[in-house]
Amino acid sequence: MASLRIAFCCTDTRPEPWLEGLRAALPDAQVDLWAPGAPQADHAVVWAPPQQFIDEQPGLQTLFNIGAGVDALLRLRLPPSLRLVRLDDAGMGVQMAEYVCHALVRHFREFDVYDAEAREGRWAYRKPRVRSEFPVGILGLGVLGQRVARAVAGFEFPVLGWSRTPREVPGVTAFHGAASLPDFLSRVRMLVCLLPLTAETAGLLNRQTLGLLQPGGYLVNVARGAHLVEEDLIALIDAGHLAGATLDVFRQEPLPEGHPFWQHPRITVTPHTSARTLRDETIAQIARKLRALQRGEPIAGVVDRARGY
Ligand SMILES: NC(=O)c1ccc[n+]([C@@H]2O[C@H](COP(=O)([O-])OP(=O)(O)OC[C@H]3O[C@@H](n4cnc5c(N)ncnc54)[C@H](OP(=O)(O)O)[C@@H]3O)[C@@H](O)[C@H]2O)c1
């Protein structure tokens, strides 16, 4: 791996442990923190890099994004030949499964209500809900959507999934394509969004689509804030059509002070933490992929720019 030059350019990320880890995993490579005017690199490890980085590094062959979503990268002006590689799973799948199952089970079993009653010192049973009346629909049957579907199926909820192209996932009733979305939504009570943010999926969670969910519908958005028309969600909850939502991602992050989601009694908010990038797993995956590229082998997670993910 002699003479391989790797630039590290990740916004909001403490660089030292990453540089140390990348150097340990790729001992023959030269790994440097990028700064304006830095020498040319062959490949880069990035998160939300500035346009200046791209413009100053025309010799780059690959950008390894240290997240699964590449919407921020695709907003940059990028040379057409530059290969974009996203994380596939790298420890995020199991975290996403935990987060989504926690949100669904908490809602289904009404643990939020029990929490509130316990704080008032009340010992009161609630009538068990019927599992078959809470079908879970997963928008996006990719790396994370499939992992989540498997975990949700483990709790014996009916599971439905929706993707762009046909997908066969054991235990999942699968739908694909825009034309099938209304049918899919009308069969779902608890909806999980795990789509990439693209021109087709932006604003997909709106008054019309969420209005198709079964009465008492519940939304878990763990994808991107821009999938959701936030005021439409509040209107549907306040009108009583939806029972509530658990939201990890927002149009503006951090969620601004005074935003109605903070105080809404039926909305649970977390700070974009459903599936965090795990440094060791990520470095190991990038190192494996770099070696495969050097051997001329294909790798998973190469972004198709035309489809936007
Ligand atoms: N909140 C967090 O902390 C966090 C962490 C990680 C990831 N994420 C988000 O999760 C997203 C999904 O990650 P992933 O690794 O599962 O991505 P992935 O493997 O690329 O899967 C994307 C899925 O969405 C489907 N899809 C894309 N466009 C569609 C469309 N127009 N209509 C219907 N289905 C469509 C794809 O369909 P096909 O199967 O037909 O291609 C695929 O099944 C990421 O893009 C990111 O935004 C959030």
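Guide: On a 1 Å grid over the protein atoms alone, a pocket is an open set of points with protein on both sides within 12 Å along at least five of seven lines, a cavity is a set where a 1.4 Å probe fits but cannot get out, and lining residues have an atom within 4 Å of a point. The model is predicted, with local features requiring pLDDT of at least 70 and side-chain atom pairs pLDDT 80 or more, while totals for chains, interfaces and linings use all residues. Residues are numbered from 1 along each chain as its sequence is written, and side-chain values use heavy atoms, without hydrogens or water.

The second largest pocket has a volume of about 340 Å³, a volume being the space filled by probe spheres set on grid points joined across faces, edges and corners. Its lining has 16 residues, and His107, Asp112, Ala243, Pro265 and Arg266 lie nearest the centre. At least two lining residues each come from helix H4 (92-108), helix H5 (111-119), strand E11 (242-247) and strand E12 (267-269), where helices (H or I, at least four residues) and strands (E, at least two) are DSSP runs numbered from the N terminus. H4 supplies the largest share, three residues. By class, the lining of this pocket holds six nonpolar, four polar and six charged residues, with Asp, Glu, Lys and Arg counted as charged, Ala, Val, Leu, Ile, Met, Phe, Trp, Tyr, Cys and Pro as nonpolar, and the others, Gly among them, as polar.

Phe64, Asn65, Val85, Arg86, Leu87, Gln285, Ile286 and Lys289 form its lining, to which strand E4 (62-65) and helix H11 (279-294) each give two or more residues. H11 provides the largest share of this cavity lining, three residues.

E4 also belongs to an open sheet of five strands, ordered E2-E1-E3-E4-E5 with parallel pairing, a pair needing at least two DSSP bridges. Strand E2 (30-33) and strand E5 (83-85) stand at the edges with a single partner strand each, so one side of each has no neighbour in the sheet. Strand E3 (residues 43-47) and E4 pair over four parallel bridges, and Ala44 has Leu63 of E4 as its bridge partner. H11 packs on this sheet, touching E1, E3, E4 and E5 (contact means heavy atoms within 4.5 Å), and its direction makes about 160° with that of E4, angles running from 0 to 180 degrees between N-to-C directions of axes fitted to C-alpha atoms, for helices over the stretch in contact.
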